[in-house]
Amino acid sequence: MYSIKHLLLIFLIINVSIVNLVNSNKLQSSPLSQINDFSYSNVTIPSDADDACSFCTVGNENNYYCPSQQTCITDLNSGNSSWPTCKGGYCNSDSCQCYAKCMNTIWPCSNTVVGDLILMAGYGVLLAFGAKFISDGSEGLMEILDPGLIGGLVLPILSALPDAIIIVVAGAFGNNPQSQLSIGIGTLAGSTIMLMTIPWSLSLILSRCDIRGGQSIDGTLTHKFSLTKTGTTVDDDTPTNAKVMIITSISYLIVQGVAFAYLKDPDSGKSVEKWFALVGFIVCFSLMAAYCTYQVISPKLQEKKMAEAKRSYLQKRIIHHFIHNLTLKRNLFAKSDNGELPSGSSSTTSDNGNETSPLISNEHKKLPVDIKAMGLKWKKNAHEQAIQHQQQQQQNGETSIQVEKDDDDDEKDDKEEGPINKKKIALQSAAYLLLGTAMASIFSDPMVDVITSFGEKLDIGLFYISFVITPFCSNASELISSLIFSAKKKKANSSLCYSALYGSATMNSTLCLGIFFALVFFRNLTWEFSAEVVSILFVVVSVGFLGATQKTMKTYLAPIVLSLYPLSLLLVFLLEKYANWQ
């Protein structure tokens, strides 16, 4: 133990020596020996400067910085003068290690590009988990609430909440709101365009079935590689949701119409755009209220979501009880092998697993789900449906899947599952919503800072970074769920998927855009997003027109719509670079 103390002491002395050596090198690198041969000016560093060290030294090789006093020495001239005392010495140019920005924040930060990439990945995962918790909480509410007031008002707002939080943080709490608002418009544009292209196209590919008589046949795919003989069919309500999406997207033109007149000089139109932004804010929230009212009056989309949520919940319960039963049976078999039988069971067994079997105990009888009875019931229903399908095939010459029959079976299964514990689900959903909202609110701020730092290091526009990064963080759960629904190859699932995508774009054009207009008005910012707005409208109107005019969409549309994602980003670049739409 005595030797360990000596080793630690030696190690401490070595570290102190290294620190002194580094400081002495800094002193030697500065022209302190020539202090008396120069006069200087002491530059005052602004109090709102994020990084005083970089403010003094970056791009100024003749400036000298004192880290301990935050003093900047510049304008060296011939003459005799004495510099202020600097504990630790002055540094110059590359000898300065400017970490002031990282030291002034509680969040992890980096001064390298690789470090920023790692931080973006970390914060992105945390934001994705926050969005997933919000989505899970919303689904939980659907399991216990009837579609209508809550489903029409609360759930649409919750779906757009992650994007809305990022926009608020970027424009309301940033040090440079005008610059960081580009992250907000990048999130808005990226989220809307991503939802209208990537999940839209992939869902079409996964849900494709054979087309007969102008409609897709559920669960039938014989022409796997055909782009014209396969596709998916949606219900009558889905085109209506696409039309609503197109109508609400017109709100982008409220401020943009004025901005077109000031494309060459955006600052001149700032005072005019401010009041149009206020009008846009009112119009957007009025459209959101009208959309939510429509959802309350005609809650067909919410009914579909609620039915899917209940179906998912029942599947989880069945799997849970099935695993529980398997574990119980394995324990009973083990006791039987040891010559021990559980109480309440007889020593006589049969292969049929009757009431005297050791597999059936008092504990087993108390389980809420009887796997054997349920399996026999499903087998019987499947046999009856097979006979009905054969008869229908003989009459019509084709095979079709009756969605209504499946819904009836789901209702029967729901009744056999017993009552749902609404109190438990309500508490769990509230916990998910609070946790998800807290995570999205807390980690949006450092995410915005990291995107800003990354863009400044590589001299890349903040819009392009946020366009690619943030939408996948805030909409990851929606992207995955749309693909899962589509993979079932049913009209009902495809209708739910596309209606949900159109609904998300509608909320972006009302709630998120309304918040964006509010930031422009209340923070007196300049509208500099003409290219971005044109790109959003191009994609929304194009995809919305397809959804509003076609109930059966063929597979060849998938690569066309998917190509709109990179083309929209290219359109923004071309308009900003060659048309000077800043």
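How are α8 and α18 oriented to each other: roughly parallel or roughly antiparallel? Before getting to that, keep in mind that what you're looking at is a predicted model.

Start by finding the two helices. Helix α8 covers residues 237–249, and helix α18 covers residues 491–522. Two packed helices are described by the angle between their axes and the distance between the axes. For this pair, the axes come within 9 Å and cross at roughly 15°. Angles under 35 degrees count as roughly parallel, and α8 and α18 are therefore roughly parallel to each other. Their crossing is also left-handed.

Now look at who does the touching. On the α8 side you'll find Thr238, Asn241, Ala242, Val244, Met245, Thr248 and Ser249. Across from them, α18 brings in Ser495, Tyr498, Ser499, Tyr502, Ala505, Thr506, Ser509 and Thr510. Sort the residues of this contact by class and you get nine polar and six nonpolar ones, with no charged residues.

Next, move over to Asn475. This residue sits in the loop between α16 (462–474) and α17 (476–486). Is Asn475 buried or exposed? Its relative accessible area is 2%, and under 20% counts as buried, so Asn475 is buried.

Leaving aside residues up to four places away in sequence, Asn475 touches Asp163, Ser191, Met194 and Leu195.

Key. Residues are numbered from 1 along each chain as its sequence is written. This is a predicted model: local features need pLDDT of at least 70, side-chain atom pairs count only at pLDDT 80 or more; totals for chains, interfaces and linings use all residues. Side-chain values use heavy atoms; hydrogens and water are left out. Axes are lines fitted to C-alpha atoms, for helices over the stretch in contact, and angles run from 0 to 180 degrees between N-to-C directions. Helices (H or I, at least four residues) and strands (E, at least two) are DSSP runs, numbered from the N terminus. Angles under 35 degrees count as roughly parallel, over 145 as roughly antiparallel, 65 to 115 as roughly perpendicular and the rest as oblique. A crossing is left-handed if the near helix is turned anticlockwise from the far one by less than a right angle, and right-handed if clockwise. Contact means heavy atoms within 4.5 Å. Ala, Val, Leu, Ile, Met, Phe, Trp, Tyr, Cys and Pro count as nonpolar, Asp, Glu, Lys and Arg as charged, and the others, Gly among them, as polar. Buried means under 20% relative accessible area, exposed over 50%, partly exposed in between (1.4 Å probe, protein chains only).
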